[in-house]
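Student: I have a structure open and would like to go through a few spots in it. Can we start with how the helices pack?

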Amino acid sequence: MQQSEFDYRHYLALIIARKRLFVVVALAVMAAAVVYSYVLPKKYEARSTVFIEKNVISELVKGIAVTPSMEQAIKGLSEAITSRTLVTKVINDLDLDVTAKSDAEIEARVRAIQQNITIKLKGDNIFTISYVDKDPRVARDFVNTLVRRYVEENISSKREESYGAIKFLSEQIDTFRGKLEEAEGELNRYKTDKGGVIAIDEAKLFEEINVAQQKLYDIQLRRRHLEGLRPVTRKAGDPLQVKLVALQKQLEELRVSYTDNYPEVLRVRGEIETLKEQMKNRSPQQETVVDPQEYEKAEAELQALKVSEDGLKRYIATNQALLRNIPSAKAGLEKLELEKKNRKDLYDQLMARHGQSEVSKQMEVQDKTTTFRIVDPAVMPSSPISPNRVKIMLMGIVAGLGCALGVIVLLDRLNNSVHSVDALKETGIPVLAVIPKIRTIEAVARERSENIRVFTAAGACFMVILAFLVMELLNISPVDRIISRLHGML
């Protein structure tokens, strides 16, 4: 605490010792700050508020027409408004590039303007656009032109998108109409070529094949029976031969259902063998000759059975071939029908989209979708936003005091002379005597007179600085009035 008090007194002593220098430096910095605040060019800010309004019709035609959402309108808003293309159009509209002679100068002008544009979102559907410029009229005109240009570009781009979508959909509809007609032609030709196969019922055909095979089996059985009776037809009038034929027929019927080891089969076979032995051992007189008409009748039946057998075989082969071709024919038909269905679905979707695009185009043309409503257009600003002279002057006062103190402290640190007896004793040099500084009455009076003049001038200068500060606080700027009058005179 004693060290702090000692330092405070030390710095206070330095200020008192060099009070003239302290005052001059402080006032110089303060005056420089005042001059700087008036030298800085004024900057004016113009602001416009835009409301993104969604039309009620957009909700009514939801699902019928395609309208851009509000999120899409807000997304990328800053990039779209500050884009080089849009800014260049506004510059050309306002003739702001009259002083630019080269492409580099124009590009620098565009970048400078882009940096002075500020876009802020307020809520979900309100945004403000502000622009800072030295000329308040330019700031106002630039903001209003920029907003107007953006709204026009937005509406124009949406209309171009609608017209482009209709054109694209029309081209696709023509293309898919041709593809659909081609698919229908292929399907009709396939039905013409494979119609007989496709229309056949597989289950019914399979049943017919089974019935035909059963008939064929019966005919073959009858044919084999007649062929087996040929050697003994001449003895058909013999009772033993009649019995033998009956037993052979019974044996064939049993073999259809049973094996050769079945007891009944074995019994019948035994009887047949017995009859054959009896027929071998009898005399020739016991044999009888069959009637020729009966023999011819049996031969005719045998030939008819062979013809029927051949016909059934051809019928079964043909139906089996059809049965094998039915799956591949139906698979080909399903493939063509699926392709036609897919193309028909795409064609129907394109037609539906084309109808939606027509409604969307009418909404865009009549401006019935999302609209930009200018709630608060930019007006010419009456007061600049920069420079903040009050802030600069206050900072100048603080900086002046700080700089003056810094200069005094720096000079004190650069002065290597002995300032006190205590500092000399710390060096180990013995102190023999101390001679105090003696000033005459004339010197004291002269110094006092000079201090009065210096502090009077400093006070007057500081009062002028305070007067400028108060006038800025009261928004009374005589310098601006003088400059305005000079501009008016020129």
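Tutor: Keep in mind that this is a predicted model. Take helix H2 (residues 19-39) and helix H13 (residues 389-414): their axes come within 7 Å and cross at roughly 150°.

Student: What does that angle make H2 and H13 to each other, roughly parallel or roughly antiparallel?

Tutor: Angles over 145 degrees count as roughly antiparallel, so H2 and H13 are roughly antiparallel to each other.

Student: And is the crossing of H2 and H13 left-handed or right-handed?

Tutor: H2 crosses H13 in a right-handed way.

Student: Which classes of residues does the contact of H2 with H13 have?

Tutor: The contact has 21 nonpolar residues, three polar ones and one charged one.

Student: New topic, asparagine 451. Where does asparagine 451 have its place, and is asparagine 451 buried or exposed?

Tutor: Asparagine 451 lies in helix H15 (residues 441-473). Its relative accessibility is 12%, and buried means under 20%, so asparagine 451 counts as buried.

Student: What does the side chain of asparagine 451 make a polar contact with?

Tutor: With the side chain of arginine 20, at 2.8 Å. Setting aside neighbours within four places in sequence, asparagine 451 is in contact with Lys19 and Arg20.

Technical notes:
Residues numbered from 1 in each chain as written. Predicted model: local features only at pLDDT ≥ 70, side-chain atom pairs only at ≥ 80, totals over all residues. Heavy atoms only, no water. Axes fitted to C-alpha atoms, helices over the stretch in contact; angles between N-to-C directions. Helix = DSSP H or I, 4+ residues; strand = E, 2+ residues; numbered from the N terminus. Parallel < 35°, antiparallel > 145°, perpendicular 65-115°, else oblique. Left-handed = near helix turned anticlockwise from the far one by under 90°. Nonpolar A, V, L, I, M, F, W, Y, C, P; charged D, E, K, R; others polar. Buried < 20%, exposed > 50% of the residue type's maximum accessible area, 1.4 Å probe, protein only. Polar contact = N/O pair within 3.5 Å; in protein donor to acceptor, adjacent residues only side chain to side chain. Contact = heavy atoms within 4.5 Å.
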